[in-house]
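I opened my notebook to record what I looked up, entry by entry. The sequence and structure come before the notes.

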Amino acid sequence: MKKLLPLFVLPLLFLACQTSSKFDELGLEEITISDLREGYENGTFSVEDVTAAYLERITEKDQSGPTLNSMLYINPKALEVAREMDTELQEGTTRGPLHGIPVVLKDNINTDDMPTTAGANVLDGSIPDEDAFITKKLRDAGAIILGKANLSEWANFHSSFSSSGWSALGGQVHNPYDLTRNPCGSSAGSGAAASANMAVFAIGTETNGSITCPSSANGLVGIKPTVGLLSRSGIIPISYTQDTAGPMARTVTDAAIALGAMVGVDPTDDKTQLSEGNSHTDYTQFLNENGLEGKRIGLWTGSLGGHFRVDTLMHETVRLLQEQGAEIVEIEQISEQNAGGDSYNIMLFEFKDGLNKYFESLGEDAPVKNMEELVEATLNDPEEMKYFDHDILIQASKKGSLESEEYQEALERMLRITREEGIDRVMDEFDLDAIIGPTGGPAWKTDLTNGDNFAVSSSSPAARAGYPNITVPMGFIDELPVGISFFGRAWSEPLLIEMAYSFEQATNVRKAPKF
């Protein structure tokens, strides 16, 4: 495993170590965006002190001590940016709703001041010429990007089996609630870092479950928005049809603020130009404590049966939802046909097409020029081949053009099955406002020999349809967090946020991990 933090950040870490108790002195554990903004306004905090405290936290909890291993790179300019923001505050100006708020990005999201690698050795040290669109949006809103989070290599789309949170560059991310257990993926580092209070929130990406699952396993709120609400430009892709970025935070409020800061039409991502949701940039207006009252919610029983204790917790949660005024309707099926095979085939086609375009965007400095070169470099790298076969890379490299009949037919069939014959159909039939299911089970023991153990999951219907999904902490099983997912129609983020917030306020089950 390679050194996680590059040499140029050592002065920052030295500085952080000189203020070993700053994080606790400032009382930053579980702090929210609103708390920090109020502290900046009344002079309780300085942005520089807060930023230094989070850098200290990363040093103490991620790189030593419990060694969560959630971070790949630290931003060498973080303290410099923090000092600039303090000056702006003293002059009475702010950049936006995230002014001085520390955040970490999954390391498949471009930053022009740090490498973007997807955890792969072949991209080690690759620094793109410009930020991803959402990176720019976050910086414009005032966020301080502390660094890049470790992840499942190639967003967990690389091998016939794998361990979520493992990458050749970063090694294995650990779950902060139990270091022997898995953080789930592929936004594993984002989930572990945000949960362990090494940033106020984190940004992950999802193709199918990679925001919702690590949010559930790490006791977080995760918002997987409708595909097209947020730009994907400058993000190392898997699937043009299913990929999206999204916030991972400790509260629904913080997740809603972060989501709004990233919304915007991107001329280089045509799905954002078709968005029906980009008129909203302030999702806090939908935080309604009574948001469950009068709602008809479908309990997807097909998501049950994988773990009896998860089922018990889910049934207890259903009774709570009813007490909050929601009507629960059991639904056995969402789609009558299984679109899993088509989804996988589409991802193979789009992975090859998307990676080729991403490598081209790196210009002459691209370490590999196409998928074929990537496969050759990976298969000849002993560190890459130590645990996993990278068979998916090989399969994707053999796929043809997106103009092919095979691809086009699979795409039409999957979207029809999951949308008009799936979520839209069942919500019309039962007059539903949302559908719920357990997001996942308690985190499994990390096992690099046998790989992951996804006994419980409800992410696929919304992921394949490209529809929104929000997970909120639901409870604990043996001190391991488990989430509930609220998902529904395209562009229904306001309604889902309303229900998720109402549920959170009625339960408040989130508690900080103790490593």
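Entry 1, terms. I took helices and strands as DSSP runs, a helix having at least four residues and a strand at least two, numbered from the N terminus. I also noted that the model is predicted.

I looked up the helices and strands and found 17 helices and 13 strands. I then looked up the C-alpha trace, which spans about 60 × 55 × 45 Å along its principal axes. For 515 residues, a compact globule would have a radius of gyration near 24 Å, and the chain has 21 Å, which agrees. Buried residues make up 63% of the 515 residues. Of the contacts with a separation of 6 or more, 77% are between residues 24 or more positions apart.

I asked myself how many of the residues of strand 2 are buried. I counted a residue as buried when its relative accessible area is under 20%. For strand 2, residues 102–106, the result is 5 of the 5, so the strand is largely enclosed by the rest of the structure.

I looked up which strands are joined to strand 2. Strand 3, residues 144–149, runs parallel to strand 2 and is joined to it by 5 bridges. In this pairing, Leu 105 has Lys 148 of strand 3 as its bridge partner.

I found Ser 159 in the loop between strand 3 and strand 4, the latter being residues 166–167. Is Ser 159 buried or exposed? Its relative accessible area is 5%, and the cut-off for buried is under 20%, so Ser 159 is buried. Leaving out residues up to four places away in sequence, I listed what Ser 159 touches: Phe 388, Asp 389, His 390, Asp 391 and Ile 392. With His 390 I also noted a distance, as the side chain of Ser 159 reaches the backbone nitrogen of His 390 at 2.9 Å.

Notes: Residues are numbered from 1 along each chain as its sequence is written. This is a predicted model: local features need pLDDT of at least 70, side-chain atom pairs count only at pLDDT 80 or more; totals for chains, interfaces and linings use all residues. Side-chain values use heavy atoms; hydrogens and water are left out. Buried means under 20% relative accessible area, exposed over 50%, partly exposed in between (1.4 Å probe, protein chains only). Two strands pair if DSSP finds at least two bridges between them. A polar contact is a pair of N or O atoms within 3.5 Å; within protein, one must be able to donate a hydrogen and the other to accept it, and residues adjacent in sequence count only if both atoms are side-chain atoms. Contact means heavy atoms within 4.5 Å. The radius of gyration is taken over C-alpha atoms; the globule rule is 2.2 Å times the number of residues to the power 0.38.
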